[in-house]
Amino acid sequence: MTNLMHGVAFFLVAMTIVAGPAAHGAQPARLSDKDIVDAYHYFLGRLLVLRQEHLDLQGTGRWNVVVHREAGGVAWAHPSLDITYSEAWIAVDKDSCTIVELPVIRKRYYTVQVLNSWGETVANINERNFPQHPAGKFGLCLRGAEVRLPEGTLRVDLPGKKSRVLMRMELGADPAEAVKLQQQIKLYPTGKPNVEPAVEIQIFENDQLPRIEAFNRADAILASEPDINPGMEPLRAKARAIAKAARDVEELKRIDEVIVKQAIPRLQQAVARLGTTNNGWSRLATIGNYGPDYLTRTAVNLAGIWANNNREVTYFNSHVDSKGERLNGSNVYTLTFPKAQRPESLARYFWSVTALDSVKFQVIENPLKRYRLSSYSKVQPNKDGSLTIWFADKQPEGVPQTNWNWLPTPAGQNYNLTFRFYGPGDRVVSGGYFPPPLIRKN
């Protein structure tokens, strides 16, 4: 059986189980190719988060339980080596909220990011957004729920019953203190929420995205979590219409073909072209909160789920030098910030730059165990007040090994750079700033 016929056959069987035999009567209106592409790009965004729910909670049922990750772990893709992570899946309902308790955290970046089941950031709990209540108890509650909270608890309403929570805290100059504060973070429900089982789906890999079978349980999936962005109902209706196409085998084949030949390639192109590029660096203008831009939301969920918005942290990524040529670890590159725009002046908290391999996007091993440079590295400015960072596989000529301005790169291999500004200034957030270009020196 061909892949196309397998997908169609799987979809027909699944839809028969879910919806029963097709009823007689008028056939639904034929969807255009654009309708199918739009529906797929919209619906897959929800499916990616649902997949993550299954993967994270498979067989554990660990709702409303915080997990403190080891600080500075280097095994992840796109790791942030400057912060500690704690995480949880939370469930709330009309009778139960979830309490988050934060210790007093001073002069250190932190946030408790709350995302809904579409990958939208719905809250960031920190001293910037809650200056009158930066620490203590916060009650995460379903909007409209009449739940009595402990005295002194600040209520934060959520749009849905399930959320993902990611807590980040700056390691800074005293990582041991950061870990101590991390361990004081608590999370627990006020009652016993009724947790609805995740809608069953076929688990897929990013390099083998689902086709027509993605819509097997479209009605149940769409009903399981509201979309906080207005104007999405026409797209939801198109997704439901694809699910109803099981009445017509030929139409089903056509829809699957459009998904394979148009929707998936266009999504892959959107992932490859995410963001605006300048000086060889790219950044996402829309991230964390997407409004009507559902394609970017799905592309971000596919490329790096749980993204926060630019006001918390702004990311710049580069894989090319000033001439547009691919970064190679055997070459020597410099990144020079003028005196008036040194990176520490562009972030309220701190900056960092990390070198990652171009396949798994993990840190690059080197004898110095030096995986990134940051505000807390012993970088030295030039005599004129500017700052130069070097990227090379071995000690650049004229740069002493004790100088932290050098970040090792993989000899003979392509690599990527990620530059982060935590608590970015307005010019960085607005898109008016990009890091300087990378200049090849050999």
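Predicted model: local features only at pLDDT ≥ 70, side-chain atom pairs only at ≥ 80, totals over all residues.
Residues are numbered from 1 along each chain as its sequence is written, and side-chain values use heavy atoms, with hydrogens and water left out.

**View A. The loop that holds N279.** N279 lies between strand 10 (276-278) and strand 11 (281-283), where helices (H or I, at least four residues) and strands (E, at least two) are DSSP runs numbered from the N terminus. Most residues other than glycine have a negative phi. N279, although not a glycine, has a positive phi of about 55 degrees, and at 33% relative accessibility N279 is partly exposed (buried means under 20% relative accessible area, exposed over 50%, partly exposed in between, with a 1.4 Å probe and protein chains only).

**View B. The loop that holds W306.** W306, in the loop between helix 7 (294-304) and strand 12 (313-318), is a residue other than glycine whose phi is positive, near 75 degrees. W306 is buried, its relative accessible area being 8%.

**View C. Strand 4 and its partners.** Six of the six residues of strand 4 (residues 110-115) are buried, so strand 4 is largely enclosed by the rest of the structure. Strand 4 pairs with strand 8 (residues 162-170) in the antiparallel sense over six bridges, pairing requiring that DSSP finds at least two bridges between two strands, and Y110 stands opposite M169 in strand 8. Four bridges join strand 4 to the antiparallel strand 5 (residues 121-125), where N124 stands opposite Q113.
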